[in-house]
Amino acid sequence: MTDRPRSAPMPAALRAGRPPRHPALTIRCPHCAAAENARCTTKAGRTRTVRLDPCPARLAAHAIATAVCPTCQTAPGTPCHDNGIQCPDSNPVHPARYTEAGRPAA
């Protein structure tokens, strides 16, 4: 017989039974209207399918609500701007702000 450990080392998040959730799930989705802590859905016909990743609008809303933009130096809660002109709705957040929003708080 071999001397094997009785249990394998496992990260605490997996041991708890759930993988870590995306931080953007803490706010309501402005696109698909998914509730806080609920996954985004698609609106295909009569059925709703759960999406694996949050909607891009939810990611942008999370970045605006939680992070300071390193590009335009706006505070959390303020949309990004380019020389005083608000960014268009097609891309409302600078890419660097998404990176800041994804970092864990120190």
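Arg58 is buried and yet has no salt bridge. Buried here means under 20% relative accessible area, with exposed meaning over 50% and partly exposed in between, for a 1.4 Å probe and protein chains only. A salt bridge is a side-chain nitrogen of Lys or Arg within 4 Å of a carboxyl oxygen of Asp or Glu. For charge, Lys and Arg count as positive and Asp and Glu as negative, while His and the chain ends are not counted. The nearest side chain of opposite charge to Arg58 is Glu36, 7.8 Å away.

A word on the source. This is a predicted model, in which local features need pLDDT of at least 70 and side-chain atom pairs count only at pLDDT 80 or more, whereas totals for chains, interfaces and linings use all residues. Residues are numbered from 1 along each chain as its sequence is written, and side-chain values use heavy atoms, with hydrogens and water left out.

Let me now place Arg58 in the chain. The protein chain has three helices and four strands, and from the N terminus on, its elements run α-β-β-α-β-β-α. Helices (H or I, at least four residues) and strands (E, at least two) are DSSP runs, numbered from the N terminus. Of the 106 residues of the protein chain, 24% count as buried. Among contacts between residues at least 6 apart in sequence, 35% join residues at least 24 apart; contact means heavy atoms within 4.5 Å.

Arg58 is found in helix α2. This helix covers residues 56-66, and its buried residues are Arg58, Ala60, His62, Ala63 and Ile64. What covers these buried residues includes α3, residues 95-102.

How do α2 and α3 pack? Their angle is about 75 degrees, with the axes 9 Å apart. Axes are lines fitted to C-alpha atoms, for helices over the stretch in contact, and angles run from 0 to 180 degrees between N-to-C directions. The two helices, α2 and α3, are therefore roughly perpendicular to each other. On the side of α2, the contact is made by Leu59, Ala60, His62, Ala63, Ile64 and Thr66, and on the side of α3 by Arg97, Tyr98 and Ala101. As for the wording, angles of 65 to 115 degrees count as roughly perpendicular, under 35 as roughly parallel, over 145 as roughly antiparallel and the rest as oblique.

Pro79 lies in the loop between α2 and β3, the strand of residues 81-82. Pro79 counts as partly exposed because its relative accessibility is 34%. Leaving aside neighbours within four places in sequence, Pro79 is in contact with Ile64, Thr74, Gln86 and Arg97.

With neighbours within four places in sequence set aside, Thr71 is in contact with His94 and Ala96. The C-alpha atoms of Thr71 and His94 are separated by 7.0 Å, although these residues are 23 apart along the chain.

Most residues other than glycine have a negative phi. Asn37, in the loop between α1 (12-15) and β1 (41-44), has a positive phi, near 65 degrees. Asn83, in the loop between β3 and β4, likewise has a positive value, near 55 degrees. Are these residues buried or exposed? Asn37 counts as exposed because its relative accessibility is 53%, and Asn83 is exposed with a relative accessible area of 80%.

Gly84 is also found in the loop between β3 and β4. Gly84 is exposed, with a relative accessible area of 62%. Between Gly84 and Cys72 there are 9.1 Å, C-alpha to C-alpha, and the two are twelve residues apart in sequence.

Finally, Ser90 lies in the loop between β4 (85-86) and α3. At 71% relative accessibility, Ser90 counts as exposed.
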